[in-house]
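Here's a quick tour for anyone meeting this protein chain for the first time. Have a look at the model, then read on.

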Amino acid sequence: HVISDWAVDAESVFVYLTGPGILKSFQLNDSEALSAQRLNGWLDALQSQIPGNLIVVYDASSSGSFLPQLSSDGEAKRLVLSSSVADESAFFVSQGTLSFSNHY
């Protein structure tokens, strides 16, 4: 998949997701959603190919529901940040200028 292919030559990778989220799913568009399990598979494939860190910032409602699935096991260097707990809304105030990830 594109996530595991495009950054194969990178030392470290920063993945940033923001938008509509629901429990264990990120809404890509009106008809497609990305599950935490599928994203984890892509990230695992990518991480097996890069020597450095993998940082994931997910700013969406229910983004905390991705944390258990995306957490690294073993010696992989992965940091996952979410803007809410599993059953909480994320807030985007002033057209997103006041949000969890605005400073990233």
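## Surface and burial

The protein chain exposes about 6,200 Å², and carbon and sulfur atoms supply 52% of that. Accessible areas come from the Shrake-Rupley method with a 1.4 Å probe, and for residues only the protein chains shown count as cover. Of the chain's 104 residues, 38% count as buried (buried is under 20% relative accessible area, exposed over 50%, partly exposed in between; 1.4 Å probe, protein chains only).

This is a predicted model, where local features need pLDDT of at least 70 and side-chain atom pairs count only at pLDDT 80 or more, while totals for chains, interfaces and linings use all residues. Residues are numbered from 1 along each chain as its sequence is written, and side-chain values use heavy atoms, leaving out hydrogens and water.

## Layout of the chain

You'll find three helices and six strands here, running α-β-β-β-β-α-β-α-β from the N terminus on. Helices (H or I, at least four residues) and strands (E, at least two) are DSSP runs, numbered from the N terminus.

Leaving aside residues up to four places away in sequence, L43 touches I3, V15, L54, V56, L70 and R78; contact means heavy atoms within 4.5 Å.

## A loop residue

K24 sits in the loop between β2 (21-22) and β3 (25-27). Its phi is near 60°, a positive value in a residue other than glycine. K24 counts as exposed because its relative accessibility is 53%.
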